[in-house]
Amino acid sequence: MRLSKIRPLAIGIFRRDDRILVCEGYDPIKQQTFYRPLGGGIEFGERGADAVVRELREEIGAEMIHPRYLGTLENLFTYDGKPGHEIVLVFAGELTDPALYESETVAGCEDNGGAFNAVWKPLADFAAGRAPLYPDGLLELLEQHAVAPAAAHER
């Protein structure tokens with residue numbers, strides 16, 4: 001019997017008006033497109049805020065400043081037919097490159113070399129149930145904290 005592990009993650013929330021920056025994913029078993037913020041695994045001895053800054057640098061070559069802790073979510077899920085369990089630290093922050101706020105998509109690269117695009121998705125799409133946002137509970141956490149757009153990037 002294979003023992004599964006709980007995976008510690010840190011994700012970053014970036015706002016542009018009524019939108020947040022998310023990666024699009026697809027579960028072939030559920031035949032479902034879903035979205036989740038950028039971020040990734042926390043390495044042993046690394047603080048969550050440092051992990052999300054590092055992950056943004058690795059994934060999209062961007063610098064994150066002013067990470068502000070919003071909360072922790074526990075995510076139990078099934079992806080591609082396999083169970084998963086994550087403890088997710090959520091941080092709001094700002095991207096230093098203003099051009100990233102102007103682009104509709106942001107190109108990125110996963111640790112395994114796979115390319116992806118991050119998109120600015122309206123929060124209303126998640127609230128209306130038109131698109132799943134993971135980890136579970138993230139939308140409610142954002143509503144509690146009323147995460148505002150970065151002042152330097154407001155329109």
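By class, twelve nonpolar, ten polar and 15 charged residues make up the lining of the largest pocket in this predicted model. The volume of this pocket is about 1,000 Å³. Its lining comprises 37 residues, and those nearest the pocket centre are Arg7, Arg36, Phe77, Tyr79 and Glu86. Several elements contribute at least two lining residues each: strand 1 (7–13), strand 3 (19–27), strand 4 (32–37), strand 5 (39–41), strand 6 (64–79) and strand 7 (82–95), together with helix 1 (48–60).

Helix 4 spans residues 138–145, and its residues Leu138, Leu139, Leu141 and Leu142 are buried. Viewed down the helix axis, the buried residues of helix 4 fall within an arc of 160 degrees, so they line one face of the helix. In an α-helix there are 3.6 residues a turn, so residues three or four places apart point the same way. Glu143 and Gln144 lie on the other side of helix 4 and are exposed. The packing partners of the buried residues of helix 4 include strand 1, strand 3 and strand 4. Strand 6, strand 7 and helix 3 (123–127) also pack against these buried residues. Ala146 follows helix 4 and has a positive phi, near 40 degrees.

A polar contact of 2.8 Å links the side chain of Glu46 to that of Arg54. When neighbours within four places in sequence are left aside, the residues in contact with Glu46 are Gly41, Ala51 and Arg54.

The side chains of Asp125 and Lys121 form a polar contact of 3.3 Å. Not counting residues up to four places away in sequence, Asp125 touches Arg130 and Ala131. Asp125 and Arg19 are 106 residues apart along the chain, and their C-alpha atoms are separated by 9.4 Å.

Backbone geometry was also examined. The peptide bond from Tyr134 to Pro135 is cis, with an omega near 5 degrees. Pro135 sits in the loop between helix 3 and helix 4. A positive phi is found at Asp17, a residue other than glycine, with a value near 55 degrees. Asp17 lies in the loop that runs between strand 2 (15–16) and strand 3. The relative accessibility of Asp17 is 29%, so this residue counts as partly exposed. His66, also a residue other than glycine, has a positive phi near 55 degrees. In contrast to the loop position of Asp17, His66 is located in strand 6. The relative accessible area of His66 is 56%, and the residue is therefore classed as exposed, a class that begins over 50%.

Terms used:
Residues are numbered from 1 along each chain as its sequence is written. This is a predicted model: local features need pLDDT of at least 70, side-chain atom pairs count only at pLDDT 80 or more; totals for chains, interfaces and linings use all residues. Side-chain values use heavy atoms; hydrogens and water are left out. On a 1 Å grid over the protein atoms alone, a cavity is a set of points where a 1.4 Å probe fits but cannot get out, and a pocket is an open set with protein on both sides within 12 Å along at least five of seven lines; lining residues have an atom within 4 Å of a point. Grid points are joined across faces, edges and corners, and a volume is the space filled by probe spheres set on the points. Helices (H or I, at least four residues) and strands (E, at least two) are DSSP runs, numbered from the N terminus. Ala, Val, Leu, Ile, Met, Phe, Trp, Tyr, Cys and Pro count as nonpolar, Asp, Glu, Lys and Arg as charged, and the others, Gly among them, as polar. A polar contact is a pair of N or O atoms within 3.5 Å; within protein, one must be able to donate a hydrogen and the other to accept it, and residues adjacent in sequence count only if both atoms are side-chain atoms. Contact means heavy atoms within 4.5 Å. Buried means under 20% relative accessible area, exposed over 50%, partly exposed in between (1.4 Å probe, protein chains only). The arc is that of the directions from the helix axis to the C-beta atoms.
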